[in-house]
Amino acid sequence: MSEPIHDILASCLDAVESGDATPGDCLARYPQHQDELAGLLAAAQHIETVARERPAAEFRSVARTRLLNQLPAHEPSSWLDQIRAWWGAEFTLRPLPALARNALTAALFIFLVFAGSIGVAKASESQLPGDRFYAIKTAVEDVRLAAAAGRDADVKLNLSFALRRVVEMQTLVEQDRPEHLQIAARRYEQHIKHATMDLTAVPAADRDRYTDLANLLISVLTTSSRTFALLLPQVSADFQPALDFAMATAEYNLKLVTTVYPPETMPVLASPTPGLSAGPGTMTATATPTQKTVEGIILPTAHPSGTPTVPLLVSVTPGALLTPTPTGTPLPTPTPTGTPAPTGTLVPTPTPTATNAASPTPVVATPTFTPLPTATHTPVQPPTNTPEPIPTKQTPPGQTDTPEPPGQTKTPKPTKTPKTN
Amino acid sequence: MATNTAETVGTQLDTDDALVARSIKGDAAAFGDLYERYLDQIYRYIFYHTGNRSEAEDLTETVFLKAWQALPKNRKPIENVRAWLYRLAHNLVIDSHRTRKQVAPLEDHPHLQDRGASPEKALQTKEESQQLAYQLSRLKPQFRQVLVCRFINGLSHAETAAVMGLKENHVRVLQYRALQEMRQFMTGIGEVT
């Protein structure tokens with residue numbers, strides 16, 4: 001196939017322009033196109049020869065000055081241009097197809113929103129009442145509660161969040177921010193109320209299934225009440241009503257739940273925090289491998305034969321509440337060692353064995369509920385079937401700041417005494 | 001005078017890229033050097049499209065004003081400054097053709113009336129270029145464009161393709177057909193034998 005004439009012409013022109021050939025050489029190389037090529041080369045040469053036009057001397061002499069006088073100052077580049085300048089000229093999605101470009105943009109947007117939401121939710125976990133993102137923390141909790149399926153999950157979540165509130169109130173007192181106690185106290189009341197309602201609404205025939213949860217609720221209420229009692233003297237009288245409210249909530253709901261679920265064994269609780277514990281060697285518990293953990297709460301195994309059925313609480317938030325230590329075992333059951341040495345002045349007998357030298361703390365001596373002596377690590381004898389001792393209302397000597405038991409000097413109704421604004 | 005000479009020598013040593021880089025940063029003197037370097041070529045390019053000297057002067061100045069304004073906004077670095085300037089000039093010429101209204105056709109100009117009478121003399125004078133502009137004005141725009149780029153401004157096939165936004169092979173075809181028509185015009189007035 002012969003070479004197209006336009007390519008032959010282009011090759012000849014290139015050769016002539018570069019000096020590699022003369023027009024005559026080209027014509028000799030393509031004799032079949034000689035006539036046509038001669039005319040075309042002549043036309044091209046004519047244009048090159050004639051085209052000598054130059055700007056007028058008058059124009060040239062003033063052109064530079066005239067142009068420079070008209071040049072405006074460069075406008076400052078936009079932030080996007082500055083980013084491009086910093087990133088480099090390749091900062092663009094244009095080489096991608098439109099579909100890929102849009103998909104990439106959408107994916108980036110979704111990722112940012114998702115990551116941002118996760119980050120904010122995570123960051124809000126450490127928020128306290130009065131903090132900027134505390135509302136996010138409680139909103140996340142509300143969402144989790146709304147999504148909880150079933151009575152069990154609802155109770156466990158409410159108890160978990162109630163313990164969060166206890167920790168928050170404790171932290172607020174430690175940080176000397178008691179003005180926000182009422183916020184946590186109100187939400188504590190809501191969580192406890194819902195958990196209690198869930199459990200007390202169970203038909204009598206089905207209550208056996210919820211004994212563990214009822215014991216857990218009792219544990220939470222008892223622990224909460226003690227914590228509030230310890231916090232009470234640490235805040236000024238102006239902010240004590242919030243703690244009074246929370247404590248009354250715990251005691252009132254404890255009465256309700258123990259009425260429906262009469263406790264076979266009295267719950268003994270680990271101290272909320274080391275700072276609030278009665279002292280070394282007291283009120284500590286061991287979580288056995290058979291115990292179930294739910295939302296930071298260790299559930300006891302169902303009525304084991306050799307160990308007391310006592311729900312144990314562990315920390316709910318990092319470093320905050322109820323971290324059991326590996327020594328001691330709560331023991332409201334009959335004495336396993338045979339030499340009971342009751343501590344405190346609590347009434348019901350039999351009293352558990354006290355193997356620790358530590359004396360009971362004021363918390364233990366709280367007359368509202370159970371006697372909580374120190375305990376041995378493991379009971380030697382299995383618990384008997386004797387009924388649980390009934391808590392007495394006797395006040396030990398020397399206890400002057402112990403709150404009054406419910407139903408005597410005051411009958412708190414948590415739902416009708418809101419103290420938050 | 002010696003200073004001017006030194007400055008001129010120094011300016012000649014600057015590459016197009018260096019002058020552009022300084023111009024982007026707002027160095028008007030560097031841009032003035034760039035202007036002087038390409039003034040004749042851009043003017044010639046425009047003149048052979050418009051056939052009017054004063055319009056060519058105005059449009060040449062406008063090309064460089066637009067270039068000054070466009071330099072800091074360019075997202076990609078300018079790979080070929082000359083081709084980029086021709087491209088600006090090409091767009092301006094097209095806009096000028098679109099916007100200008102009734103303009104006296106070249107053949108009505110008094111100095112072109114007697115061109116056919118003394119063509120050999122015209123080749124020796126400045127008006128010969130005006131005659132060429134007239135002949136080019138009768139070509140199709142793409143034919144005129146390729147001839148101006150190739151034989152008046154001395155651009156290669158590749159550079160012409162870049163200015164015109166075409167493939168190089170397309171430029172070769174256009175070049176062939178444009179020269180054919182140009183030859184017919186020239187033969188018709190008896191200039192080429």
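Between chain A and chain B the count is 8 salt bridges, a salt bridge being a side-chain nitrogen of Lys or Arg within 4 Å of a carboxyl oxygen of Asp or Glu. This is a predicted model, in which local features need pLDDT of at least 70 and side-chain atom pairs count only at pLDDT 80 or more, while totals for chains, interfaces and linings use all residues. Residues are numbered from 1 along each chain as its sequence is written, chains are lettered from A in the order in which they are written, and side-chain values use heavy atoms, with hydrogens and water left out.

One of the salt bridges joins the side chains of B:Arg53 and A:Glu53, with 2.6 Å from N to O. The elements of chain A that give two or more residues to the side touching chain B are α1 (5–18), α3 (34–50) and α4 (57–70), and the largest share of that side, 11 residues, comes from α3(A). Helices here are DSSP runs (H or I, at least four residues) and strands likewise (E, at least two), numbered from the N terminus.

The size of an interface is often given as the accessible area lost when the parts come together. The table sets out the values for this one.

| Property of the chain A and chain B interface | Value |
|---|---|
| Area buried | about 4200 Å² |
| Share of that area from carbon and sulfur atoms | 62% |
| Residue pairs in polar contact (both at pLDDT 80 or more) | 16 residue pairs |
| Residues in contact | 40 of chain A with 53 of chain B |

In chain A, the residues that lose the most area to chain B are A:Glu53, A:Arg64 and A:His74, together 19% of what that side buries. Buried area is the accessible area (1.4 Å probe) that two parts lose on being put together, summed over both, and contact means heavy atoms within 4.5 Å. A polar contact is a pair of N or O atoms within 3.5 Å; within protein, one must be able to donate a hydrogen and the other to accept it, and residues adjacent in sequence count only if both atoms are side-chain atoms.

Chain B itself has 11 helices and 0 strands. Of its 193 residues, 50% are buried, where buried means under 20% relative accessible area, exposed over 50% and partly exposed in between (1.4 Å probe, protein chains only). Among contacts in chain B between residues at least 6 apart in sequence, 60% join residues at least 24 apart.

In chain A, A:Phe111 lies in helix α6 (residues 98–124), and A:Phe111 is exposed, with a relative accessible area of 54%.
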